[in-house]
Amino acid sequence: MNQTLLTGNKMAEQNRPLIKSTDLCDLSALDMLALLRNKEISAVELLQDHLQRIRQVNPRVNALVTLVDEDILLQQARAIDNGWMKGVWQGCLHGLPVSQKDLIATKGVRTTFGSRAFTDYVPTADALIVQRCTQAGALMIGKSNTPEFGAGSHTFNDVFGATLNPWDTTKSAGGSSGGTAVSIACGMNPVACGSDMGGSLRNPAAWNNVVGLRPSPGRVPRVPDANGWMTLGVDGPMGRTVADTALLLSAIAGPSAATPTEINEAGARFALPLQHDFKGCKLAISAGIPGIPVDPEIMTMVQAQAAIFDAMGLEVELMDVDFGHVEEVFRSERAWIMGGLVDSLPEHLRPLLKDEVHDEYRLYRSLSAGDLSRIFQQKTELFQRMKRFLDQYDFYVLPSCQMHPFPASQRWPNQFMGQDYGNYIDWMRQSWYLSSTEHPVLALPCGFSASGMPVGLQVVGRFRDEWSLLQFGHAYEMATQHGRTRPPLLSALTP
């Protein structure tokens, strides 16, 4: 762990805030850190409160599927407290409980990838993102649920079952970082790591009223990764606030010298204050991407945010990007990635994979070298169109999801607004159209439907400009406070 030496002044006893132990889990990560730094709470106390919250809530939603032994966690928390008594602050995540998605390798902790082919797999080494969280002082409490190999935006698999939405436990929590989003929304950890290929940090953020950031490819190096040239899938942070999400990004971002596409910029900047005045900036709100049906209530709610943006001093226009050949680009590149994964598996394990993964593999096997050449040229054109669009506008705002959460018993929606869907990603175009542009995207809460379900928007920032994107998200969050509302499931908790 980082042995940075700091001196902390303990707040005078009479100035200590009156905080009930059962409320700690609902504080922001930054507030938790302030209490830890002032020695008003200990890492052990913070951990125990979160473990109690997990015991109370997790059986209802199935968000965390493999938990680290409590005795090991308590031993680690005591070591953090003992270090701070001697003036050693562990880092920007000092003492915070953090989970890792079950696609991310964790040393000595079962990592199944949501697949029966890896039910009992225990890695012998941590992924880089896990190492960085530990070095920053985090306590890795366990693994969050995911669909098999992250395939789809509904979190279910044959190993652990489905993760349920805490706003309505009959509904999907989204995915593939569905367990991540639910664990944060329910106060099982303040921040957590997930990943995003076609919307996996954005759809579940929207459906659980939390914040998710799809960083620029290379912002968070993926180590290990068998395909170091793959930029469609990225690892990234989630939190209950933009500032907390940025804090986690500060710990996991930055060059490693281990991957060929990483961005050579340190992550520390993202822990700085996010306040910024956006008066005079220009913003485009989706007028409705042609060919993508969006629930009218969702579209109306997102476009209604124009009044908020106007009050923030921005110039707002209804406008959309020309996404050109994005359908072929994303589907082919995704199949190329998923097919390569299947090829790497022993033959006898392949029958264990779900049908959706086999569908990806069939498309992969049908692709020629000429197909790949064409789709990467088309992807380059798409990137250039988005870049030119954002030369005109500072930000581009769209709904995070096309529809409200569907029943958790469904594999995916097969029909919506008069369109038949024959593929498990047809219903989530609104998110994966953006994945192929190579630009960072921030998902934010923007209110609640008439039925009380969370609705989210996503904001596209300029090329590799997560900093301005997070600043904008923070300003919008301060203006709306939509994310302060917690799931009704928590109201039934007893101390």
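1. Basis of the note. The structure is a predicted model, in which local features require pLDDT of at least 70 and side-chain atom pairs count only at pLDDT 80 or more, while totals for chains, interfaces and linings use all residues. Residues are numbered from 1 along each chain as its sequence is written, and side-chain values use heavy atoms, with hydrogens and water left out.

2. Salt bridges in total. Side chains of opposite charge can pair when their charged atoms come close. A salt bridge is here a side-chain nitrogen of Lys or Arg within 4 Å of a carboxyl oxygen of Asp or Glu. By this rule the model contains 24 salt bridges.

3. Arg219 and Glu466. One of the salt bridges joins Arg219 to Glu466, with 2.9 Å between the closest N and O atoms. Arg219 belongs to the loop between strand 9 (211–214) and strand 10 (234–239), and Glu466 to helix 14 (residues 466–480), so the pair ties together parts 247 residues apart in sequence. Helices (H or I, at least four residues) and strands (E, at least two) are DSSP runs, numbered from the N terminus. Arg219 and Glu466 are both buried. Buried means under 20% relative accessible area, exposed means over 50%, and partly exposed lies in between (1.4 Å probe, protein chains only).

4. Glu327 and Arg429. A salt bridge also connects the side chains of Glu327 and Arg429, at 2.4 Å from N to O. Since Glu327 lies in helix 10 (residues 326–343) and Arg429 in helix 13 (residues 429–435), the pair ties together parts that are 102 residues apart in sequence. Glu327 is partly exposed, at 25% relative accessible area, and Arg429 is buried, at 12%.

5. The side chains of Glu347 and Arg350 form a salt bridge with an N to O distance of 3.5 Å. Glu347 is exposed, with a relative accessible area of 57%, whereas Arg350 is buried, with 15%. Elsewhere, salt bridges with shared partners join Glu327, Arg331, Asp426 and Arg429 into one network.

6. Aromatic pairs. Rings of Phe, Tyr and Trp (its six-membered ring) pair if their centres lie within 6.5 Å; planes under 30 degrees apart count as stacked, over 60 as edge-to-face and the rest as tilted. The count by this rule is 25 aromatic pairs. In one of them, the ring centres of Trp207 and Phe406 are 5.7 Å apart and the planes stand at 80 degrees, so the pair is edge-to-face. This pair links distant parts of the chain, 199 residues apart: Trp207 is in helix 6 (residues 203–208), and Phe406 is in the loop between strand 13 (395–399) and strand 14 (415–416). Trp207 is buried at 1% relative accessible area, and Phe406 is buried at 5%.

7. Phe278 and Phe395. These two residues form an edge-to-face aromatic pair, 5.7 Å centre to centre with 65 degrees between the planes. Phe278 sits in the loop between helix 7 (242–252) and strand 11 (282–285), and Phe395 in strand 13, 117 residues apart. Phe278 is buried at 4% relative accessibility, as is Phe395 at 3%. One aromatic cluster is formed by Phe278, Phe309, Phe395, Phe472 and Tyr476.

8. Charges over rings. A charge sits over a ring if NZ of Lys or CZ of Arg is within 6 Å of the ring centre and within 35 degrees of the ring normal. Lys282 lies over the face of Tyr393, 5.2 Å from the ring centre. Likewise, the charged end of Lys354 is over the ring of Phe156, at 5.0 Å from its centre.

9. Nonpolar cores. A nonpolar core is a set of buried Ala, Val, Leu, Ile, Met, Phe, Trp, Tyr and Cys residues joined through side-chain atoms within 4.5 Å. The largest has 137 residues, and Phe309, Phe323 and Tyr396 have the most contacts inside it. Another core lies apart from it and has nine residues, among them Ala185, Ala192, Ala205 and Val210.

10. Asn58 and Cys186. Asn58 is in helix 2 (residues 43–61) and is buried, at 10% relative accessibility. Cys186 is in the loop between helix 5 (178–185) and strand 8 (191–196) and is buried, at 0%. With contact meaning heavy atoms within 4.5 Å, and residues up to four places away in sequence not counted, Cys186 touches Arg53, Val57, Pro166, Leu489 and Leu490.
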